[in-house]
Amino acid sequence: MTTVYELDAVRVSIGSAEIIKGISLTLQDATLTTIVGPNGAGKSTLMSVLSGVREDYEGQCRFHGREMSQWRKGDLGRQLSFIPQNVRIEFPFTAEQVVFMGRTPHCHGLFETPHDRDAVHRAMETTDTLPFAQRDFRALSGGERQRVILAGALAQEPSVLLLDEPTTFLDLKHQISTYVLLEKLAREGICVIAVTHDLNLAASYSDRIVVLSHGEVAADGVPGEVVTAKVLSEVFEVDAEIRSGSTGRPWVSYEQPMGAREQRTW
Amino acid sequence: MVDRRRFWFAVGAAVLFFVLALVLTPLIGSSGATLSRAWAGLSPDKEILFQVRLPRVLLAGLAGGALALAGVVFQALLRDALATPYTLGVQSGAALGAVIAICFGWRTVGWFPAVWISGFIGAAITIMIVVGIASEGRRMSSFTLLLTGVTINSICMAGILFLHYTAGFTQSFTIVRWLMGGIDSLPYPTLGVLAVGVAVGVGFAVMKSNQLNLLSVGEDWAATRGVQLSSLMLICYLLGSFLTASITALTGPIGFIGLIVPHALRMVVGADHRLLVPTSFCVGGGFLMLCDTVARTALAPSEIPVGVMTAMLGGPFFIWLLRSGRRSLWA
């Protein structure tokens with residue numbers, strides 16, 4: 001395994017609010033890392049630093065040994081793919097055209113090459129999006145759109161894949177198949193980093209979970225170390241029972257005794 | 001996706017429309033001049049065709065194409081299908097400049113009419129102010145660009161209203177006529193310079209059309225797919241603005257084309273800018289040549305302001321296109 005990201009005391013302020021308060025992390029390739037944490041913990045902001053969208057951070061964020069802000073966008077686009085939280089499109093692009101946009105960093109001329117077309121076709125096959133390739137992206141359901149966006153990221157053939165809540169709108173089957181796919185991509189050597197709110201999905205598939213809380217790393221490690229009743233209570237303010245799933249990974253059960261239901265409120 | 005065949009078919013059809021309009025509309029007119037007599041060098045047919053009608057048709061073609069292209073660029077930049085070449089305040093800057101020239105009775109600057117020069121300077125000042133304000137801070141964002149543009153627009157419009165209010169009767173008439181937009185026969189050298197500028201703009205937009213696709217989806221989306229975001233946004237803004245500024249200085253504001261032509265074409269060729277940019281230019285140019293022909297012949301010898309014609313002819317057609325519910329010819 002080689003190191004992809006080295007973060008050293010990264011801080012980000014938006015306006016007067018300090019969103020990220022000194023995060024130091026090392027992220028490796030061939031790993032599925034999930035980032036979890038309550039609302040406002042700084043997950044999306046951290047993703048925007050990792051993706052190179054936000055360059056006004058303090059501290060150091062080195063990508064393949066070079067500071068993120070020093071990378072040329074064109075070079076970055078051939079290495080790294082980022083799926084923002086929700087993508088709204090104003091214009092009548094077809095699903096296939098949206099997927100094709102992932103090829104843009106690799107394009108030299110105006111037109112796509114046969115290799116581009118193959119990459120798009122494979123990505124759409126993998127994400128089960130070929131049936132609506134020619135439909136207007138805006139007319140698709142939330143889950144279908146999310147899969148099209150994922151296909152676009154795969155078509156980019158990145159070595160680093162960053163996803164901000166990739167399963168929010170997906171039905172159960174596609175939530176699971178997305179994580180199976182992410183796990184497979186990680187086995188193939190890609191550095192996959194996903195933000196999610198679903199602790200059970202994260203625990204079932206990730207190699208590593210990073211828990212953020214108030215802009216700092218609250219816990220970091222393999223699922224068994226991180227998904228504990230203590231972390232759930234302290235970081236998420238939820239009382240939950242941690243069971244062991246059939247694979248030996250932790251499984252969070254939010255079942256509570258009847259009397260305890262009222263104890264946590266807004 | 002766009003393969004070469006589809007690209008050349010769509011662009012070829014649009015170019016054909018442009019060329020047909022360019023060749024045929026100069027032959028139409030109220031004076032009854034004919035091509036054969038003009039070709040034989042007979043007066044006044046020769047002068048009517050080559051010194052009056054052809055330059056006017058050429059200006060209409062360049063202006064319509066440039067406005068449609070500016071519309072496409074601004075719509076991608078602001079991710080708003082309702083953006084027009086005038087949304088970011090360029091035209092009101094040009095209008096304020098032109099109105100100042102009219103009110104102060106300036107006639108010429110050097111070899112050029114003062115209204116052109118003053119209009120262009122007005123537009124250029126607006127462009128600089130908008131860039132100065134919108135690019136302050138972290139990076140240029142389409143939101144601040146829009147807010148700044150709309151605000152500058154209001155300020156310039158207030159200036160125009162004030163000058164109009166204080167103007168005398170003849171000046172007032174000139175101002176109103178200028179604000180309606182109109183196409184005149186310009187000398188060929190002026191048209192040549194304009195054509196070179198517009199051609200550079202079209203070429204640049206075609207070259208960057210893949211990046212325009214990304215920009216039209218989102219800023220973060222574009223930034224992680226190889227786009228140097230702030231420079232692309234700045235260039236797009238300057239490109240759209242200077243096209244609009246040059247055209248507006250020469251013709252006054254001509255509405256509707258920059259909004260409707262790109263929108264109608266998206267229904268026909270789809271949203272891909274590789275098709276949308278060249279077809280918008282050709283169809284916008286052809287459409288304005290047709291509109292101007294109707295404007296100068298329908299009530300001859302008097303003329304209808306061309307901006308009135310663009311909306312009267314284009315509006316119903318656009319509603320038909322919307323109602324026909326066609327998604328796209330190919331997609």
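Let's start at Ser244(A), whose bridge partner in β12(A) is Pro250(A). When I say strand, I mean a DSSP run of E with at least two residues, and a helix is a run of H or I with at least four, both numbered from the N terminus. Strands β11 (residues 241-244) and β12 (residues 250-253) of chain A run antiparallel and are joined by 4 bridges. Two strands count as paired once DSSP finds at least two bridges between them.

Quick housekeeping. This is a predicted model, so local features need a pLDDT of at least 70 and side-chain atom pairs count only at 80 or more, while totals for chains, interfaces and linings use all residues. Residues are numbered from 1 along each chain as its sequence is written, and chains are lettered from A and ligands numbered from 1 in the order in which they are written.

pLDDT is the predictor's confidence in each residue, from 0 to 100. Chain B averages 87, and 96% of its residues score at least 70. Over residues 327-331 of chain B, though, the pLDDT is below 50, and beyond near neighbours in sequence this stretch has 12 contacts in the model. A contact here means two residues whose C-beta atoms, placed from the backbone, lie within 7 Å.

Now chain A as a whole. It has 9 helices and 12 strands. Its C-alpha atoms fill a box of roughly 60 × 40 × 35 Å along the principal axes. For 266 residues, a compact globule would have a radius of gyration near 18 Å, and chain A agrees, with 19 Å. That radius is taken over C-alpha atoms, and the globule rule is 2.2 Å times the number of residues to the power 0.38. Of the contacts in chain A with a separation of 6 or more, 65% are between residues 24 or more positions apart.

What share of chain A's residues is buried? The figure is 42% of the 266 residues. Buried means 20 or more other C-beta atoms within 10 Å of a residue's own, exposed means 12 or fewer, and partly exposed is in between, again with C-beta atoms placed from the backbone.

Next, look at the open sheet of 4 strands in chain A, ordered β2-β1-β4-β5 with antiparallel pairing. Its edge strands are β2 (17-28) and β5 (66-67), each pairing on one side only. β1(A) and β2(A) share 9 bridges in the antiparallel sense, and Val12(A) stands opposite Ile20(A) in β2(A).

Val10(A) is also in β1, residues 3-14 of chain A. Why does Val10(A) count as buried? Because Val10(A) has 23 C-beta neighbours inside 10 Å. Leaving out residues up to four places away in sequence, Val10(A) touches Ile20(A), Ile23(A), Val49(A), Tyr57(A), Gly59(A) and Cys61(A).

After α1(A) comes Gly52(A), with a positive phi near 85°.

Two histidines are worth a look. His64(A) has a phi near 50°, positive in a residue other than glycine, and sits in the loop between β4 (58-63) and β5 of chain A. His214(A) has a phi near 50° too, in the loop between β9 (208-213) and β10 (216-221) of chain A. With 17 C-beta neighbours inside 10 Å, His64(A) is partly exposed; His214(A), with 15 other C-beta atoms in that range, is partly exposed as well.

Finally, the two chains together. A nonpolar core is a set of buried Ala, Val, Leu, Ile, Met, Phe, Trp, Tyr and Cys residues joined through C-beta atoms within 7 Å. In the largest one, with 164 residues, Val99(A), Leu162(A), Ala63(B), Leu69(B) and Val73(B) touch the most other members. Helix α3 (residues 45-78) of chain B gives this core its largest share, 17 residues.

Where the chains meet, the contact takes 32 residues from chain A and 31 from chain B. On chain A's side, the elements giving two or more residues are α2 (73-79), β6 (80-83) and α3 (95-100).
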